[in-house]
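Dear colleague,

Please read it with the coordinates open beside you.

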Amino acid sequence: MRMASGLQQPFRNAVLILVWSWLLLLVLVPNLLVIAASVMTRDAGSFLSLPLTLDAYRQLLNPLYLEVFLQSLYMAVMTTLVCLLIGYPFAWSLSLMGPRARILLIFLLIVPFWTNSLVRTYALKLILATNGLLNQGLMNLGLINEPLRLLYTEGAVIIGLVYLLLPFMILPLYSVFEDLRKELLMASHDLGAGPLATFVHVIIPLTLPGILAGVMLVLLPAMGLFFVPDILGGSRNLLVGNVIKNQFLDARNWPFGAAASIFLTLAMAFLMFAHRLSKRRIGEEGA
Amino acid sequence: MNRWLSRSYLTLVYLLLYVPILVLVVFSFNDARTGYEWGGLSLRWYHALFGNRAMVQAMWNSLWLALSAATVSTLIGVLTALALHRYRFRGKQLLNSMLFIVMMSPEIVLAISLLALFLLVGIQLGYFSLLLAHVTFCLPFVVITVMARLSGFDERLPEAARDLGASDFTMTRTVLIPAIMPALLAGWLLGFTLSLDDVVVSTFVGGPGYEILPLRIYSMVRVGLKPEVNALGTLLLVFSLFMLMLSQWILIRSKR
Amino acid sequence: MLQTLLSLDNVSKAFDGKPVLAALDLDICDGEFLTLLGPSGCGKTTLLRIMAGFEQPDTGSLTLAGEDLTRLPPERRPLNTVFQNYALFPHMSVYDNVAYGLKMEKRPREEIHKRVMEVLEMVQLQNFARRKPHQLSGGQQQRVAIARAVVKRPRLLLLDEPLSALDYKLRRTMQGELKRLQRELGITFVFVTHDQEEALSMSDRVVVLRDGEIQQLGTPREVYERPANLFTARFVGETNFFPGRITSVEAARLRVDVMGLERTLQLPRFEVSEGESVNVLLRPEDIRVLGPDDPQGLPGKVIERNYKGSTLDSVIELADGTQVLASEFFDEDDPAFDYNLGEPVRVSWVDGWEWLLPEESVAAAPGDVDEDG
């Protein structure tokens, strides 16, 4: 829609200048700064100095940090898998409910999302602590004799991440299940495919974009939400996010923190690319 | 899938999602000091909460920040959505992708990049730096919400208004803005909640001069249990529930 | 006869390098009902949008009663539009929709009220003023859209396929309603449609458009009975074409060999000479189906019979495979009338009912013509 009118041009230009400068100054420039920081030398006084170096990237491969990264990646992958395993049947079941029930159920799903995530993580602590509710309950039932050590473990961090991120897996899955036409399943059965064959050949391929979108929305934050290990994981189960935070705020090693963050950005780019590809495969234009 | 099976499964997952929240709410009225045992009903933690001046100050700071961040991001977001919807311009695709990237990238990446910027430019960490950062991460959500509304919008309506004698500006005021009003309000509420909830970005760009609620909670829960947090969490829960219901009500009412 | 109200001079428009309108001239008379008729993509909607001001022509100018409109934005043009899907403001009541244009003129409140109620009464919606558009039926929404446009008393009303969203019966009613309104208001109507029946029944004049060019401009009768070319003939109503070859040209008449049949026809308006090929056009209702032994027809056999109530439509296949459509008034007293499928017949017509067109490639006429909306 293009219209020539005296009023429109200045208005349009003002809006475009405002938006562009906001995004350039607060998105593009800062990201370029991070890239620049990652190839500079650490400096005690002004954080950064010349010469340019790839030391920070070399440091990423230092066994000490590599171990933290692999541990973080492992926990993120586990979180994603658990979310997928819980979320996939959940989204499917949800899509089979009546339209009115669905509105209510979706509402119930996003209430936690709108609730302060720190507070929710803290609530988990009440349950998982050594003398917390879960241990008390299990002991009262006589299932265990002494409290299990749940808090400050890898498992606690994964539970915390799953708890915070599950809606982000379910919502994209739900939207693909909602679009999945029932006739396709009937057609598959009609053509002689059993439930398993239908699942493998029809349902999985058609819900793949939802799966990948969910993975993208869970895997990346699962490496960045540093407060979850801080509250539930103790000092041994760190995320990439904890490393970045420590390097920036405590150790003041900016090049290293920046390099770690670029690692996360690259992971994001890779996942976004996979998502686009999967959407194109089933003939939808990727957003 | 079996109907009965799928329903019980849904129920189970909802239970798991809500049990921690319920525990939190129940324990906020717990009189016991230790936090794990039930010591009878009491409002002592709510009293403790509001008796703590620094805490109350942090609440006001957070509310004010969320209010201003949501308002600024809604203003800019609505204008952006209108520009993306109505005008053809060079770099439109780039603008779209930048918004998408802001939304998708891990918060911590945004956080350190903004910290780097603020320190380089010499912006003191405090209210202003928090505002800039919060507006930036709320912006894509507002744009998306408004764009979704505009995409279902009849292209002939603006033309009809022009045809009947409205200038471009009058048309925007009398036709476009009322049409996107529900999305605008929903976007504002979303921005408000995101800002109120944010820990990651605020940890980096916040300063000691302007303490906000999530950071205060963070420092409290890192070590041990603090029963006041139960009370605070309950209040926040009720507040978010109210905001969410408000935004859903606005959206549903607008669809009729 | 009438004064020119809006005149378009050398108007052309291209989108992304693709021409949509080609150097078009058109004069619209004051008070007439003019229809722009053509298949989708012929440029009729673009032409309307240029008149309304939503598009700028690449070349040419628009003049309304002596005033140059070309560079004027839509809100400052003294003409209004009824949009295809009505484009009623969903967040305003019927009253506020209709009042919108008057508010833009900053009329006093009492005048607005008086004029809105007047026009609502005219479209019989005075009791619906407080309703929202979504609480109205399609026909009622249509009437609000018309009321909203005419309340401003425009010099010219542009209607962009305003009836296309209505069902057949309602469309018929609204066609009558629109004609009545136009007579009562005395406003010039420019009406866009791809429905030739609608165009013929409502208009004072019809403009047939194709690929951004005017094919013919004339009264419905002229367009139907004396089409300017094969495209118009095919687009406006059903037509049968017979290839003919001129055997001799006389003072006032012409002898033509039509598929082996020698016929004497009237001299056409274009230059003809002996030995030339021409197209002989006949509307289905001009075709006579005769018995197999009749000497003056072309032989063929009935391959389709469709009873249409007042008429009986037949498709007759001639020896060379040409299919002829005949539409005859139903006459149950005529025993010879009822032919069976496959029965041999002959087709003919009354001399003088045919229309001649010069030879042009028949195949070039578009096959993607919209038959009906």
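Between chain B and chain C of this predicted model, about 1,900 Å² is buried, with carbon and sulfur atoms giving 57% of that area. The contact draws on 19 residues from chain B and 24 residues from chain C. Across this interface there are 2 salt bridges, one of them formed by C:Glu75 with B:Arg162, whose closest N and O atoms are 2.8 Å apart. The same interface of chain B and chain C also holds 7 residue pairs in polar contact, counting pairs in which both residues have a pLDDT of 80 or more. On the chain B side, the elements that contribute two or more residues are α7 (156–163) and α8 (168–197) of chain B, and α7(B) supplies the largest share, at 7 residues. Sorted by class, the residues of chain B that touch chain C comprise 8 nonpolar, 4 polar and 7 charged.

The interface of chain A and chain B comes next. Here about 8,400 Å² is buried, 78% of it on carbon and sulfur atoms, and the contact involves 87 residues from chain A and 90 residues from chain B. For the interface of chain A and chain B the salt-bridge count is 0, while 8 residue pairs are in polar contact, again with both residues at pLDDT 80 or more. Helix α1 (residues 8–38) of chain A provides the largest share of the chain A side that touches chain B, namely 20 residues. That side of chain A divides into 66 nonpolar, 15 polar and 6 charged residues.

Within the chains, the domain assignment of chain A gives domain 1 (1–38) and domain 2 (54–286), and the C-alpha centres of these two domains of chain A lie 34 Å apart. Their contact takes 4 residues from domain 1 of chain A and 7 residues from domain 2 of chain A. The area buried between them is about 400 Å², of which carbon and sulfur atoms give 70%; on the side of domain 1 of chain A, the residues A:Val34, A:Ala37 and A:Ser38 supply 91% of the area buried against domain 2, more than any other three residues. Between these domains of chain A there are 0 salt bridges and 1 residue pair in polar contact, both residues being at pLDDT 80 or more. The side of domain 1 of chain A that touches domain 2 has 3 nonpolar residues, 1 polar residue and no charged residues.

For chain B, the assignment gives domain 1 (1–42) and domain 2 (53–255), with 30 Å between their centres taken over C-alpha atoms. The contact between them takes 8 residues from domain 1 of chain B and 7 residues from domain 2 of chain B. Together these domains of chain B bury about 640 Å², 73% of it on carbon and sulfur atoms, and the side of domain 1 of chain B that touches domain 2 has 5 nonpolar, 2 polar and 1 charged residues. The count of salt bridges between the two domains of chain B is 0, and that of residue pairs in polar contact, both at pLDDT 80 or more, is 1.

Lastly, a word on confidence. Chain B has a mean pLDDT of 86, with 96% of its residues reaching 70 or more. Within chain B, confidence is lowest in helix α11 (residues 227–255), at a mean of 82, and highest in helix α9 (residues 200–205), at 91.

With kind regards

Notes. Residues numbered from 1 in each chain as written. Chains lettered and ligands numbered in written order. Predicted model: local features only at pLDDT ≥ 70, side-chain atom pairs only at ≥ 80, totals over all residues. Heavy atoms only, no water. Domains from an automatic or database assignment. Contact = heavy atoms within 4.5 Å. Buried area = accessible area lost by both parts, 1.4 Å probe. Salt bridge = Lys/Arg side-chain N within 4 Å of Asp/Glu carboxyl O. Polar contact = N/O pair within 3.5 Å; in protein donor to acceptor, adjacent residues only side chain to side chain. Nonpolar A, V, L, I, M, F, W, Y, C, P; charged D, E, K, R; others polar. pLDDT = per-residue confidence, 0-100. Helix = DSSP H or I, 4+ residues; strand = E, 2+ residues; numbered from the N terminus.
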